[in-house]
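Here is a set of questions and answers on a ligand site and a helix pair. Please read them beside the sequence and the model.

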Amino acid sequence: MPISEDEFRVEALEFLEANAKLRPEVSTAWGESSDEVGLLTEHTPEEELEDLRAAKEWRARVFDGGFGWISGPAQYGGRELPTAYERIWSSLEAGYDTPSQSQFGIGLGMVAPTILAHATDKVKDAYLRGLYRADIVGCQLFSEPVAGSDLAGLQTRAERDGDEWVINGQKVWTSGAQFSDIGEIICRTDPDLPKHKGLSGFIVDMHAPGIEVRPLRQMTGGASFNEVFFTDVRVPDDHRLGDVNQGWTVALTTLMNERASIGGGGGGLGTLGHERLIELARHFGRADDPVIRQRLAEIYINGAVARYTNQRAMAKIKAGGLPGPEMSIGKLTLTNNLRRIADFAAAVLGPRMVADTGEWGTYAWAELALGVPGIRVAGGTDEVMRNIIGERVLGLPKEPAVG
Ligand SMILES: Cc1cc2nc3c(=O)[nH]c(=O)nc-3n(C[C@H](O)[C@H](O)[C@H](O)COP(=O)(O)OP(=O)(O)OC[C@H]3O[C@@H](n4cnc5c(N)ncnc54)[C@H](O)[C@@H]3O)c2cc1C
């Protein structure tokens, strides 16, 4: 008989009370609290390392306390409780002032579920517990300079050499590679097969000889992603994900989880809420402007649509269904709303958004506006989402296949 939800809640609160402080109330009043509204991390490498240290320390404590992988298999340190208990934990934890866990989003949200679904027991034993305890950080090595939307066109080669594979090639846009310990990579293992059929997935040790990580500076200032070069990198065959040349299935598992985690936001403003936008309009005397009011209403409505679409998709997955085109609708609604939010801030702020005068709550919005294009591209571009909706929801004719 598993612990009841109420007993679990009591246990979780006892842990949180003993290990963390309540999160202070964030004021949305003008000039109070932080005015940060960016979407990407803009920290210096030193700040990033300090954030990572604090995030790891908290995650290890949470794991050791029995809340690190609540629904996971016991053999990897999980508690095998229903996923509803994960949601109880997340909502209780959100009330406490704990370090951001964003560095683990890819490792836990995408790499770990793929390992669970496709890896050998050796790889599961080696990495799953470590990923959930944050002893190990994971990254996603999919995109290449000529293979993004057309992922199956990737060219990084893995060639078999006895019990090992030898990897040569280049990946790009690898978020968090600079602090990752393992990476999920998709390589071409048979160039003579049709492009979707000659791929295989592997887990690589990011500290292996022959791997070089070079940061890419983004226009918002930070450097969240990297180019990753592979020169004769050796990977044991038991680190293969799924069967040889079945890497497309492996990639799809990861991409479904990626779309779910990106589309899963709260409609564009996260914890900030709409109050921040209302305050912005009030402060600059635009709260009675009918056009501004109309735009605010659109943001509110579309934020709710994104949230509900995502909840519908999540309910389907929880009921045992496969993530479907709802994920694409959820992601597209979210990114459209982010663009509306950035445009709204620009309409109210005018030149204040591009000239840093030091005034609270003004130039800070530039970071959001400059981050939106990245979110419209990450995890499947807006155009690719529209193709999926056109073909799989509306039943329009398929695009002509290329290659
Ligand atoms: C914030 C961020 C984080 C990322 N993190 C990672 C990561 O950790 N790991 C990783 O592997 N990758 C990562 N990426 C890369 C991301 O997956 C790719 O950028 C994305 O798949 C698009 O590929 P691309 O950049 O090569 O653009 P392209 O595919 O070259 O697209 C260029 C343009 O053509 C359009 N286009 C392409 N194909 C079609 C089509 N069939 N129909 C209509 N229009 C089309 C696109 O919409 C886009 O406007 C990240 C990207 C971003 C922005």
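In what follows, Ala, Val, Leu, Ile, Met, Phe, Trp, Tyr, Cys and Pro count as nonpolar, Asp, Glu, Lys and Arg as charged, and the others, Gly among them, as polar. The model is predicted, so local features need pLDDT of at least 70 and side-chain atom pairs 80 or more, while totals for chains, interfaces and linings use all residues. Residues are numbered from 1 along each chain as its sequence is written, and side-chain values use heavy atoms, with hydrogens and water left out.

Q: How do the residues of the shell around the ligand divide into nonpolar, polar and charged?
A: The ligand is surrounded by 17 residues (a heavy atom within 4 Å), and Trp-173 and Thr-381 are among the closest. The shell divides into 6 nonpolar, 9 polar and 2 charged.

Q: Which residue has a polar side-chain atom 2.5 Å from an oxygen atom of the ligand?
A: Polar contacts are pairs of N or O atoms within 3.5 Å. The backbone of Gln-140 places a polar atom 2.7 Å from a ligand nitrogen, and a polar side-chain atom of Ser-149 is 2.6 Å from a ligand oxygen. At 2.5 Å from an oxygen atom of the ligand lies a polar side-chain atom of Glu-383.

Q: How do the residues of the contact of α1 with α3 divide?
A: Contact means heavy atoms within 4.5 Å, and residues including Phe-8 and Leu-16 in α1 meet residues including Ile-88 and Trp-89 in α3. The residues of this contact divide into 10 nonpolar, no polar and 3 charged.

Key. Polar contact = N/O pair within 3.5 Å; in protein donor to acceptor, adjacent residues only side chain to side chain. Helix = DSSP H or I, 4+ residues; strand = E, 2+ residues; numbered from the N terminus.
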